Structure formats: C-alpha cells, structure tokens
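Opening the notebook on this one. I want to look up a few helices and a sheet, and jot down what turns up.

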Amino acid sequence: MEKGKVWSEVAESLNSCQDLHFKVSQRSVRERFDILRSRFKRKNRADERSSGTSETPTELDEVIFEIIEKEGVAVETESGGNSKKKMEADRAAVEEVRKKAMERVGPTKKRLSEDGEECEYGRLVDLCSPVHKKYQLAVTKVFGHYMNAIVVASGKVARDCIGFLKQERAERETFLPIDYLQVSPLNERLRNVRGARMVMDVVQWNSEAAASQLRTVVQFVCGNALVCETIQEARRIAYDGPERLMTVALDGTMFAKSGVISGGSSDLRHKARRWDEKDMTQLKERKEKLTAEMRGLMKLKRKESELKQIQIQAQGAQTRLKYSTAELDNLRKKNIHNCQADISRMESELANVESRIQMQEESVTVQDAQMRSTRDQIDQMEDLVFAEFCAEIGILNIREYEEENLKHQTELDKKRLEFESQHTRLSAQLQYEQDQLDQQKKKLDKLEETIAKEEKAVADQRKEEKKLLEALEESQTKLLELKNHLLLTKSQVADAKAELDQKTQSLQETSRELVKLQRGVISVDTALEQKRLAKHNLLLACEIQGLSITLLSGSLPDISQLQLDVESQSTSATMDIYEREAQLVIDYSDLGRQLMNLQTEEEVEAQLERMRESVSSIDAVLQRTTAPNLKALQKMREVKDMYQDVVAGFEASTRAARKCNHEFEEVKAKRFRLFNRCFEHVVIVIDQIYKRLCRNTSAQAILSAENPDEPYLGGIIYTCVAPGKRFVAMDNLSGGEKAVAALALIFAIHSYRPAPFFVLDEVDAALDNTNISKVTSFIKEESSNMQIIVISLKEEFYSRADTLLGVFSGFEECMFSRMVTMDLRPYPLNQEDNGTQQETDAREEGTSVDS
C-alpha cells in the first residue's frame, strides 16, 4: 500500500507541473522508472567492467537503490519459500555438474579437491614443453607412451580416476602418481659430455608452482637420456664410451642401452605437432577473448549517446522527485500540527469519560445485585402460582416455558430488525449510487467537452505537424540536392585537380627530358667539333708526311694548310675548311676485318694505342737490327710449309678426337639405356619375387642406385624389410634373411635375361625347414622357366628335386670319385605332407625368415 501511495504521489506531482502537455498515471510512471533503472544498472555494470573500479554513488543512486530495496522486500514476501527452494535446487544442480566436470579426465587441467589439496595436475604434454622447437622430435621420442599420461598427486587419486573411467566406460589412460614413482638419481657427469645435453635440461615447466613435482615426473620418464645434434654424434656417445648410454638425435632416432635403434616416423612427427597445437590453441583462446572484449567496448561506445540521454532523463526525474518530496513534506507538516491538537483534546475528554464510566459501572453493579434478589423473589412467587399449570404441561417451571416463547419471539424480532436495517441500507446505497451517477454524468460531460477541445487541439497540432513535415521534407529534399550537387562539384574539382597534377607532372617530365636532350645536343656538337678538328689535323699531317691515302672523291691538296687547334673559334673560314674536308671520301676497303669491326670510340682508341705501341716496337727493332738476311724469304717459305703440315695434322687429329668422342657418347648412352632397362626390370620384379619367396605380402625388397645419372659407376643399394619386422640395414639382417634376399636378387636378374641353367652352391645352409620349403616351392613353380643345379646337404631341400646326382668316393688301386643318378619324378610327394606344409605356410605367414 505504501509503495502504491508513493507512485500515486509521484504521478500527481508530475501532473501538477505547468509545462506538461500530457497526463501520466501510476502505471506509466512505474514502467518508465523500471526502464530507466535497468538502463542505469547496465550503465553502472559497463562502467565498472571498463574501468575496473566502482564509482561513489550519487544522491540519485541512493534514492533509486532505496526504492529497489523497498520493492525487493515486497517481491520476497510474495515469492516466499518457493524461490528459496528453487534457488537451493539450482545451486545443488550446478554444484553436481561442476563436480562431474572437474572429475573428467579428458580436459586435464589442474583442479583442487574438497580439502584444498592438489589431486590432479593434468596430462604431461600440457604441463611441460621443449625449450626450443628443434628438440620437439627428440623429447617426443623419449616421452613415448608417457606423453599423454595424466600426472596425479597420489596413488589413491589414480585409483579413483581409474574407477571413474571404468564406470564411464572410457578409453584406457596412463596415470603417473608422484608419490608412487621410483625415480633414479641423475648422473651429473653426463652434463659435461661434449656435443650432448640431458633431456631434463631441454624441458621447461609451464607452471612454476608445481615445478618440483613435475621435475620428479620428468626425471622418471626421461632418466639419464641425452639429446644430440646428429645421428653420428648420438651413435658415438651411446656405444663408443666406457659404458652404454641412451641417446636420441634431433630427428627422433633413439639409441637404447640394449642396442636397439629406433628411428623417427610420420607418427612421431604427428605427435610432435601437439607442442605447436598447444601454443596455437592458447593463442586462439586469447584471440577470442580479446575479440569479445573489443566487441563489448564497441557496444559501449555505441551506447554513449543513449547513456547521455538516459542520464538527462534521470536528472529530470530526480528534479521532479525532489519537488514531489518537498511538497509531500509540506503537506505532512501542516496536517501534523492539526492532528496533534485534536489528539490532546481527545485525550482529555477520554480521561473524563473513563472516570464517568467507572462510576456508572459501580452503580450498575449495585443495581444488578438488587435486581438478582428481586428476581429470585419473583421466581418463587411464579413457581407457587403456576405450579399446577407446569405439572399439566410437563415442565419444571414457568420460566422454561417463557424462555422458549421468548426465544422464538426474539428470533422474529431479530429477523424483522435485520430486514428493516437491510432495507434502510439498500435505500441509502441506492440514493448514494444515484448521486454518484449524477456526479459521474457531470464529470463525463466535462470530460467530453475536454476531449472535444483536446481533439480539436490535436487536429490543429496535426495540421501544423503536417505542414512542418512537408516543409521539413522539402528542406531535406533541397538539402539532399545541394549535397549531391556539392559531391558532384567536389568530384569534378578532384578530377580536374588530378588531371592538372597529371598534366603538370607530365610537363615537368617533358621539361626535364628537354633539358637532357639540349645537354646531349651540346655535348654532341662539342664532340663533333673535336672530331672535325682531329680529322683536319690528321689529313694535314698525312699530306705533309707524304702518306698515300686512297680517296673515292676529292684530293689531299684541296685541304687547307692552316693548322687548327682546340681553341680556334668556329669562324666562317673554319666552317669552309670543314665543308671542303667533308667532301673527301676515304676508301676503307683495304683495312683488315678487325679494324672494320671497330664500333665504339673506346675500341678505336685502344686499337690506335696498340698500333702506336707496335710502331714504336718496330722502330726500336729496326734501330737494333743488323743487315738484312737475303735468304730469309726462302727460309720463311720452308717454315710456312712446315706450319701448313702441322696445321693439317692438327685438324686431322681434331676430327679423329671428335669422332671418338661422338662414338664414346653413343656407347655411353647405349650402356646407360641397356643398364637402365635391366635395372628397372629388376627393381619391379625383385619385390614380387621376394614376396613369393617369403609367402607374405608385407615383405618388401627395394633397389636404388647411388649415382642415378651414371648408375654403373656407383653402387646399388639393396634393402629388404622382412615380414613382421621393422626396417633395418642389410648388415643387421640374420643369415637366413640375407640368404632369401640374395636368392630374390638372383632370380630377379635371371628373369630379365634367362640363362640356360645356373648353379646354386649350398644356398640352404642358413635356412630352417620352413624357409627351405618356401624356397623349394618357388623353384618348383619356376622350373618350367629355368634349370637349376643345386648343391645341398639337407634332406629337406634335395628331397623335392626332380633328379638326384650323388657323388661318393671309391677305392680300388687309388681313391677316386663316383657318381650315382636317381630320377625322382616317378615318386611324387605325399599328399598328406603337402597338406601339412600348406598349414605350416598359413601359420607362418606374416613371420620373418629365421637363420
């Protein structure tokens, strides 16, 4: 009631304002207040999230929070125990879900038990990482199957987790309880090994809080393993020292103490990628978090205008609320004084009335005593008078009869009185309702008049609004047209400016190009003048020295005898000299090809310099030479003939060498082609033959050349993978495996170009009975394509031959050899033995060849 009264007072206070053109009600004020309150709450939460601090509440905040508390009390009394029960049920459900989620071993993050002790740390791959990416393969190889193991604090926690996995029917997991691990101490001397580092030193922990526990786990998993840069270093450190050590190379090749060498694989690289995926996952989570924060900040930025408007509305509501509160206080002060005076007056009258009541009560008590005594006397007299009447009726006394009649009469009077009172009340109510109806009719008439006035005012306002809207639309249209015109003008100006800039730039480039050309013309004119001067002086020197120059037109006497130099001015006489000299055409046909091919000025200058040097050297030789030898010409002819013979022999040798080189290349190509044809055939066939010899499709035989360009100059790499075993080098195969591999190579080469027959000398020496059966079966199958002579001492081998040739020694006069022959084709093998052999083959399929 108090809350509704407050809202009614606020509505009345707002309606009493002079500048309002609308009526408000309690409901509208409350709804508007709820909207402002929700916006105010969101604004406060956004400010606290963005700044990280809470602001000091203002007076408006205190008023709003006070109203919210009053409303919250009413809501809590209405909801009662139902909301509490629901909250408790929701809290219990959330707690149950949280416990189940924390007990999941899939996302293994650090969690706490109810007593606050750490019980599960997480997977080993999530708790630590290599210090550098180059160690990822090596650390992954050393960790092995412990990489995905779950680290827990104690064996009890591990057993509880295993029980949970069994209950949930989850996959198998490996647990590492810290208090249950048997950790051997580290060998500190291994830290000083050159070229290697301990795996413990290349692993870092992601959590410093649990570093000591994680160090124990990593020490248990890695032990004293060392990581090396290369495979050679790892092999040397593992096996060449005084004691064997476990080492691993950066590519994942591990050398165990037992001598087992395991290399890297694609699966190892796939596991090692988990280190990078973990970092990538963390970066993605950080990116999503930053993106969400950025979106929130953008939303807050967009709501600044709305927040300002809400603040203005809140300030207005605060002002109106202050006015309403002041008016309410004034009303309360005026009524309180009047009420206090009435209360004092009523209290004095109440004291007088209480004393009077007490006196009247005492008199009433005395009168009651007198009335009871009188009533007793009257009852006695009545009993004497009506004794006979009461005996006839069968009642004790006349009062009982009167009580029954009186009771009936009293009920009738009571009902009559109720009827009259009801009639009076209804009449009064009817009269009151009639008066209210008249008043409501008068109010309705007034409201109709007011509504008519308001409708008229609204119609006028709408007309005015329509005119204003039309004017506004017209103004907006004009404004839009002006904006479009302005944009068009700006675009035209921008285009013109861009075109002007382009023209200006092109003009500047043209000017710079013109300046360059002018400079080039000046330099060319200067060079031309120098060339003309040099030509004039050269022709003049030739004429003076009497050198003969072959001319196609003109003559040397036509040139001027004037000596020109560089400082000579270009006068008309000089130009006339240059014109006459320009008419001279020199015949250059007598020059050699080398001189004719000279193009640039630098080449000409270099040639002139060489000619000057040769002239100088010739002059020096002429000065030093003695009298000429008259037989020199004849001797020169002899030497020239000898030179011609030598040149002819050299050309013949060159042609012979080219021919030999061509033939060598042909032989080389033919050799490569023939070898490659055989090699490719053997590469394809050897794998099939090896599978047939092993009776297993998982067996592999691979041939590769060391020198692919010229394979016959290098070696051939032959590798075999026995069925059911991993890849190892040929040197590490057993004797039986090597024998089967050698037979596969022999049969593969024979399939390319079959020989009439070939001999096998005790090839079954290293084979067991099962593999002997496989080899003999293969030879039986291929007996139609080849003839084989086998020297063997094993019955399992030669019992399956077509013909036996036995060699034995005889003694007569001296010891000599004899030979016995036996054809076994009329004696086929027993069918039962064949069936047993087939079962053996089926049972042995997928196993390796044993020595």
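Predicted model: local features only at pLDDT ≥ 70, side-chain atom pairs only at ≥ 80, totals over all residues.

**Around helix α7**

Next I checked the length of α7 itself, residues 155–168. With 14 residues at 1.5 Å a residue, α7 should span 20 Å, and its end C-alpha atoms are 20 Å apart, so the two agree.

Which residues of α7 are buried? I found G155, V157, A158, C161, F164 and L165 on the buried list. I keep in mind that an α-helix has 3.6 residues a turn, so residues three or four places apart point the same way.

**The five-stranded sheet**

I traced an open sheet of five strands and wrote down the order as β6-β8-β9-β10-β11, with mixed pairing. Which strands stand at the edges? They are β6 (196–198) and β11 (261–262); each has a single partner strand, so one side of each is left without a neighbour in the sheet.

Then I looked at how β6 meets β8 (residues 226–228): the two pair in the antiparallel sense, over three bridges. For R197, I noted V227 as the bridge partner in β8.

Two helices pack on this sheet, and I took them in turn. Helix α6 (residues 136–143) touches β8, β9 (247–249), β10 (254–255) and β11. The direction of α6 makes about 140° with that of β9. Helix α9 (residues 231–239) touches β6, β8, β9, β10 and β11. For α9 against β9, I have an angle of about 175°.

**α17 against α19**

I moved on to a helix pair. The axes of α17 (residues 632–694) and α19 (residues 769–781) come within 8 Å and cross at roughly 125°. That angle makes α17 oblique to α19.

Which residues make the contact? From α17 I listed I689, R692, L693 and C694; from α19, K774, V775, F778 and E781. Sorting the residues of this contact gave me five nonpolar, no polar and three charged.

**Whole protein**

The protein has 21 helices and 19 strands. Of its 851 residues, 21% count as buried. Taking the contacts with a separation of 6 or more, I found that residues 24 or more positions apart account for 58% of them.

Methods:
Residues numbered from 1 in each chain as written. Heavy atoms only, no water. Pairing = 2+ DSSP bridges. Helix = DSSP H or I, 4+ residues; strand = E, 2+ residues; numbered from the N terminus. Contact = heavy atoms within 4.5 Å. Axes fitted to C-alpha atoms, helices over the stretch in contact; angles between N-to-C directions. Expected span 1.5 Å × (residues − 1). Buried < 20%, exposed > 50% of the residue type's maximum accessible area, 1.4 Å probe, protein only. Parallel < 35°, antiparallel > 145°, perpendicular 65-115°, else oblique. Nonpolar A, V, L, I, M, F, W, Y, C, P; charged D, E, K, R; others polar.
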